[in-house]
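Take a moment to look over the sequence and the model. The paragraphs below walk through them step by step.

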Amino acid sequence: MQDEEILRVEHLTKRFGGVIAVDNVSFSLQKGEFLGIIGPNGSGKTTLINLITGFVKPTSGKVTFNHTDITGKAPYRIACLGVSRSFQMARAFHKLPAYKNLIVPLYSPRVKRLGGGKYGERDDVAIDLLDDLGFERDSAVPYKAAGSLPHGYLKRLDLARCMALRPDLLILDELFSGMAMSEVAATLPMIEKFNREGLTIVMAEHRLKELFRVTHRVMVLNFGQKIADGTPKEVMSREEVQKAYLGTEVEG
Amino acid sequence: MEIVIYGITNSVTLALMAIGFSLTFGISGVPNFAHGAFYLLGGILTWIFINQLGIPYLFSAILSVIIVGLLGFGLYWGLLLRLRGLVVNEVIATLAAAIVIIEVLRYMGFSGFTYVLPEFIKGSVNIGKAWLDYQRIFLVGIGVALIIILYFFTHRTRVGLSFRAIAQNERTAISLGIDSDWTAALSLAFGSALAVVAGLAILPLGSIDTEVGYDILIYALAVGIVGGLESVPGIVLASFILGFCQILVATFFKAQWLTVVTLGAIVLILAVKPSGIFGKYKELEERV
Amino acid sequence: MAEAVRYRKERIDRGIKARTDTIYVLSSFRDMVYLFLPRFLPIILLLLLPFFVKGGYWEKVLFYSCMFALLALSWDFMASVGLVSLGQALFFGVGAYISGGLNHYFKMPIFLTIPIATLGGALFCTLLLFSVLRLRGVYFSMVTLILPLLFAHLIETLDILGGTHGLLSLTPFPSGWLSVYLAIIGVIICLFGFRKLISEDFGLVLRGIKDDDRVVMAGGINIHWYKAQAIFIAGAVGCFAGALMTHYYQFVGRSVFALDYTVLPLAGAVLGGPGSFAGATIGTFILVPLSEVLRALGGLRMALYGVILIAALVILPEGLFHYIERRYHQFERDVRI
């Protein structure tokens, strides 16, 4: 792992009317790092991700990715620079077969530039990618309509869609929500493997036990503010974190 | 001076044409393309009531407002409710309804100088060099009154507040016990009734022509696009901008340039701020 | 008491035994016919039709049907990207006026005016509508609805491009065959070209924009650029139809911006079944001859299209084509339960 900064977020703030969804959040991320973002419901995790990936324009603050200012840029530009994100509610093109869902990112300028997304080859690339994520190529699963897949598969399809973009930074928004224990157990090693291969990952998650197994660094949000940042153990021992989680189960 | 007076009357006329459409759209998200058709239908119904059934003017005016309002309600309850959820179909259905109404009326020959609604108040007055008939003053009064009433209606009364709730978030509104279908149907009824009120105020200034059905739709949409749909201040502002520009152009250039102003304003606003001056219609990036 | 015998409908696939999504194993002549008949029959029919109606009144109807089919196809293409246009007349009129203007003022020959009108008109429309693409849903419909109506007003009030009289005595086609076959080949190319295009990777991206634009954006794709391309393609088809019509009638007037050129293609596409392109073609080829038969109704024809539109939306929302397609691939039988 190189010691190089890949993402820097400075004083990021987003107001929706009177509500401050994300309040003056700053952090930076080294290449190859695995950052977990936790916090109670409505603490601004998803908004933070939307701000970084350009789906929501920040009220103030600055986001730098690979030394380029990406604040408020269009989502597709940010995606083409190498930031790929999943959605909290698994989104897919329900009528298309699962593997055809990956055609869209494979068609992007980024993949064309990096090679591998040529005409006529995209279907194979897509099936290869799905095969890596547990959609066995010889089974019927990758060819079924996405809408007929169970929720866990949809979530993994979303992950595959992110990986199809060949990202430098992968941002996962509650990937494990709604997944069964066994599915989580199957998916976790895949993500760990991506990280070992050098991919920087940011993961917003509610399932703390699973998250802490893979991550070295955790950032805690509460009411849009960053209240802690450190290793899982030292973060969870902090009093304000426990207070924020009071009423919800403290795991790990 | 006359520019100011003509400008104001013209602007309020435009606002009157647009207000019903934007009310409906703002609440239920249904673009009621039958707006112009209802405007026309209201005028013709009133004419029939007065001239063929001999009902007094005021009474027949009220009657046609009610009838068209019910028609608007029926349009939602009978047709749109079956198509709800697919925006494509809603759009097509209201346009189709508009065409059916207007073309049937055209076929029945409700066009020309025989079809004139009497003025509510006859006579005219000279203000400076401007020559102003009382109907126009009446029209400005109606327009201003309607806008004020609408504002209080949506901000103070229970039905009005539930209208705004639906406009903001339909699902939450449903979970709070607001019947969204009922409210949307009501919004269509109110919008259609407003179209007739506008028609009754404006139509006495000229004769009824079925082409008006499409023209009103054009103006309503133009004002909505420039001002930002679903925003009452936007509608008012856009009406005044368009209204005064039209009068200025007509005074200093040629009267025919009126449509150029409208087209120019639309193209300009689309290039600069496509959601309109006061547009709350969220642009893609802003959706969460 | 004897129990009433009850039946249940069962649907059985008629199709080819061994097939996946894209690969068919043809094992018999029957299979080949089954597969190719629906594709080749319409082509052959369309190509042969001019021989039957040569020169007569029905040739005009055929030409007319092709014009509206082109407009309906162009509407359907935009609709499959999620752009619901209510202004096919915009494309039609722009194409008609460009070719008419070039021919009238610059005396350009037909083989120049039609291509220039097709591409130039498409470019013009794309630039005109480009900024609207940032907004979703009904906004696009509204803008496309009023633009052609405003253009018609503009030409009338400014008295440009011939004003209310229009541009008269333009160059006709050298032969009737050429015009009819240009139209028919245009329809065939658009029909099968669009069907092919929309199932390609490019088409997948376009359909993706309709289904969920945020996923497409997250996939690193500039959706505005792709929507603009879709408008350009659809616009080119519409403008081509307009240009053909201009030279066919040797006349262009502001009526080319009329609502007819919006509503009839729309009715055709909705009746035939949106999203399949074949449906749009079938729909217009039913509606246009029908409206010729009903010519006696005069102004009521427009109202009739409206009624057909509403009826199609309520009664047969999937459209004729999907219904026929299902009947072709499946048969139903009653099973006793």
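Predicted model: local features only at pLDDT ≥ 70, side-chain atom pairs only at ≥ 80, totals over all residues.

In general, strands of a sheet pair through backbone hydrogen bonds, either parallel or antiparallel. Look next at strand β4 of chain A, which covers residues 60-65. Two bridges join β4(A) to β5(A), in the antiparallel sense. Thr64(A) has its bridge partner, Asp69(A), in β5(A).

Now turn to the place where chain A meets chain C. Chain A brings 25 residues to this contact, and chain C brings 20 residues. About 2,100 Å² of area is buried between the two chains. Carbon and sulfur atoms give 63% of that area. Which residues of chain A lose the most area to chain C? They are Tyr76(A), Phe93(A) and Tyr107(A), which together account for 29% of what the chain A side buries.

The rule finds one salt bridge between chain A and chain C. Arg122(A) forms a salt bridge with Asp201(C), and their closest N and O atoms are 2.5 Å apart. On the chain A side, three helices each supply at least two of the touching residues: α2 (75-81), α3 (103-106) and α4 (109-114). The largest share, four residues, comes from α2(A). By type, the chain A side divides into 16 nonpolar, two polar and seven charged residues.

Chain C is divided into domain 1, residues 15-53, and domain 2, residues 57-259. The centres of these domains, taken over C-alpha atoms, are 30 Å apart. Eight residues of domain 1 of chain C are in contact with ten residues of domain 2. The area buried between the two domains is about 910 Å², and carbon and sulfur atoms give 85% of it. In domain 1, Leu46(C), Pro50(C) and Val53(C) lose the most area to domain 2, together 54% of what that side buries. One residue pair is in polar contact between them. The side of domain 1 that touches domain 2 has seven nonpolar residues, no polar ones and one charged.

Technical notes. Residues numbered from 1 in each chain as written. Chains lettered and ligands numbered in written order. Heavy atoms only, no water. Pairing = 2+ DSSP bridges. Contact = heavy atoms within 4.5 Å. Buried area = accessible area lost by both parts, 1.4 Å probe. Salt bridge = Lys/Arg side-chain N within 4 Å of Asp/Glu carboxyl O. Nonpolar A, V, L, I, M, F, W, Y, C, P; charged D, E, K, R; others polar. Domains from an automatic or database assignment. Polar contact = N/O pair within 3.5 Å; in protein donor to acceptor, adjacent residues only side chain to side chain.
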